[in-house]
Amino acid sequence: MIVRRASVADVEALAELRGIEQGKRAAFAAWVAAHAETHLPFVAEVDGSVVGSAWLHIAERVPGNESLDRRYGDVQSVMVREEHRNQGIGAALMTAILAEARAQGLLHVTVHSGRRAVDFYLRNGFSHHRQILLWEPAST
């Protein structure tokens, strides 16, 4: 298995993993290109085929006296093809993402997880945090 930053050549595989319909893939490719500085995709390959992906979104908080650079990360869209799950691929993707976060000097990394994946993120160094609050608009 190889885990690496995705390139332009991987956009089709990234779209397919996300379930992007064929007719929307050009728009997806344009979005990936437009967000290349803030949304860093990583892929996992087995035998030359992309079998998983994960994205690191890099954002900035308002500067403060202590630091003008207050960038943080958010893990998004972690996907591993079903036939390749439970083989360490997701953990390898997280290792790559967190190494990139360290290299970039990010303050912290968050993840918004579904219930089924919480244990996965806890095993990979994330913890519950009491200061994260969430607002959602009311249903209309």
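This is a predicted model: local features need pLDDT of at least 70, side-chain atom pairs count only at pLDDT 80 or more; totals for chains, interfaces and linings use all residues.
**Entry 1: a covered strand**

I began with β2, and found it mostly covered, with seven of its eight residues buried. For me, buried means under 20% relative accessible area, exposed means over 50%, and partly exposed is in between (1.4 Å probe, protein chains only). Strands here are DSSP runs of E with at least two residues, helices are runs of H or I with at least four, and both are numbered from the N terminus.

Residues are numbered from 1 along each chain as its sequence is written, and side-chain values use heavy atoms, with hydrogens and water left out.

**Entry 2: the sheet**

In what order do the strands of the open sheet stand? I read β1-β2-β3-β4-β5, five strands with mixed pairing. Two strands pair if DSSP finds at least two bridges between them. β1 (2-5) and β5 (109-111) are at the edges with a single partner strand each, so one side of each has no neighbour in the sheet. On average, neighbouring strands are turned by 25° against each other, direction ignored.

Next I followed the pairs. β1 and β2 (residues 39-46) are antiparallel over four bridges; I2 stands opposite E45, and V3 opposite A44. β2 and β3 are also antiparallel, over eight bridges, and H39 has H57 in β3 as its bridge partner. Their hairpin has two residues between the strands, and D47 takes a positive phi near 50° there.

I picked S53, which lies in strand β3. Is S53 buried or exposed? S53 counts as buried, because its relative accessibility is 0%. Leaving aside neighbours within four places in sequence, I found S53 in contact (heavy atoms within 4.5 Å) with L14, L17, F42, V43, S77, V78, M79 and L93.

**Entry 3: helices on the sheet**

Helix α1 (residues 11-18) lies across β2, β3 (49-60) and β4 (71-80), and runs at about 90° to β3. Helix α3 (residues 89-104) packs on the sheet too, touching β1, β2, β3, β4 and β5, and its direction makes about 30° with that of β3. These angles run from 0 to 180 degrees between N-to-C directions, with axes fitted to C-alpha atoms, for helices over the stretch in contact.

I then checked the span of α3: its 16 residues reach 23 Å from first C-alpha to last, close to the 22 Å expected at 1.5 Å a residue. The expected span is 1.5 Å times one less than the number of residues. Buried residues of α3 include I89, G90, L93 and E100. Just after α3, G105 takes a positive phi of about 70°.

**Entry 4: the cores**

In soluble globular proteins, nonpolar side chains tend to be buried together. A nonpolar core here is a set of buried Ala, Val, Leu, Ile, Met, Phe, Trp, Tyr and Cys residues joined through side-chain atoms within 4.5 Å.

Which members of the largest core, with its 20 residues, touch the most other members? My list is L56, V75, L93, M94, I97, V109 and F126. At least two residues each come from β2, β3, β4, α3 and α4 (118-123), and α3 gives the most, six. Apart from this core lies another, of 11 residues, among them A6, A15, L17 and V32.
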